[in-house]
Number of protein chains: 2
Amino acid sequence: MCESNVFLKKGQDEELIMENVAAISPVREGVFLLKGLLGESMEVNAIIEDINLMGHKITLKAL
Amino acid sequence: MCESNVFLKKGQDEELIMENVAAISPVREGVFLLKGLLGESMEVNAIIEDINLMGHKITLKAL
C-alpha cells in the first residue's frame, strides 16, 4: 500500500494533517484536495513543498 | 516500494517521462525536479495535475 502521510508546514512548524492519503489534486491555484483511503477528504490552502514517495511523506507549505 | 511513474500532459496527450520516481520537489515556480530510484533526475516545466498514490501515477501538466 502506497498511501502517504501529509504534513502542512507553517513557518518552522510542521503538522501531520492527514494519514493514509490516497490522492492529491489541485482544486484551483493554491488549493489542494486530499483524499484519504477511507473516503475522507480535506481542502488545504497550500503549495507542494516536497513529495517523498519512498518515505511516504508529502509536505505542503501553507499559504 | 512506492515509487511512481510520472506522466507529462500536453494538451490532450500524456507521455510517460520517468519511471520509478522516488521524490519530487519544486525548484522554483513552475519547475519541478524529479528524482529517480537509481539517482537519475530531470527538471520539468510543469504544475501538478494529479497525484494518485494508490495507482503509482503522478500527472504533471506542461507549462
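1. A salt bridge here is a side-chain nitrogen of Lys or Arg within 4 Å of a carboxyl oxygen of Asp or Glu. With that in hand, one pair to look up is B:E49 and B:K9, whose side chains meet in such a bridge at 2.8 Å, N to O. B:E49 sits in strand β4 of chain B and B:K9 in strand β1 of chain B, so the pair ties together parts that are 40 residues apart in sequence. Strands (E, at least two residues) and helices (H or I, at least four) are DSSP runs, numbered from the N terminus.

2. Some ground rules before going on. This is a predicted model, in which local features need pLDDT of at least 70, side-chain atom pairs count only at pLDDT 80 or more, and totals for chains, interfaces and linings use all residues. Residues are numbered from 1 along each chain as its sequence is written, chains are lettered from A and ligands numbered from 1 in the order in which they are written, and side-chain values use heavy atoms, with hydrogens and water left out.

3. Now for the overall picture of chain A. Its secondary structure comes to 0 helices and 5 strands, and the pattern along the sequence reads β-β-β-β-β. For 63 residues, a compact globule would have a radius of gyration near 11 Å, and chain A agrees with its 11 Å. That radius is taken over C-alpha atoms, and the globule rule is 2.2 Å times the number of residues to the power 0.38. Along the principal axes, the C-alpha atoms of chain A fill a box of roughly 30 × 25 × 15 Å.

4. Next, burial and surface. Residues are called buried under 20% relative accessible area, exposed over 50%, and partly exposed in between (1.4 Å probe, protein chains only). By this rule, 41% of the 63 residues of chain A count as buried. Chain A exposes about 3,500 Å², and carbon and sulfur atoms supply 47% of that area; the areas come from the Shrake-Rupley method with a 1.4 Å probe, and for residues only the protein chains shown count as cover.

5. A contact means heavy atoms within 4.5 Å. Among the contacts in chain A between residues at least 6 apart in sequence, 28% join residues at least 24 apart. The mean positions of the 6 positive and 10 negative charges of chain A are 5 Å apart. Lys and Arg count as positive and Asp and Glu as negative, while His and the chain ends are not counted; a charge is placed at NZ of Lys, CZ of Arg, CG of Asp or CD of Glu.

6. In chain B, B:K57 forms a salt bridge with B:E14, the closest N and O atoms being 2.9 Å apart. B:K57 is partly exposed at 28% relative accessible area, and B:E14 is partly exposed at 38%.

7. B:E3 lies in the segment before β1 (4–10) of chain B. B:E3 is buried yet has no salt bridge, and the nearest side chain of opposite charge, B:K35, is 15 Å away. Not counting residues up to four places away in sequence, B:E3 touches residues including A:L53 and A:M54, as well as B:H56.

8. What does A:S4 contact beyond its neighbours within four places in sequence? Its contacts there are A:M18, A:E19, A:N20, A:V21, A:H56, A:K57, A:I58 and B:L53. A:S4 lies in strand β1 (residues 4–10) of chain A and is buried, with a relative accessible area of 1%.

9. Finally, two exposed residues of chain B. B:L38, in the loop between β3 (31–36) and β4 (41–52), is exposed with a relative accessible area of 76%. B:L38 and B:N20 are 18 residues apart in sequence and 8.3 Å apart in space, C-alpha to C-alpha. B:S41, in strand β4 of chain B, is exposed with a relative accessible area of 53%. Leaving aside neighbours within four places in sequence, B:S41 is in contact with B:M18, B:L33, B:L34 and B:K35.
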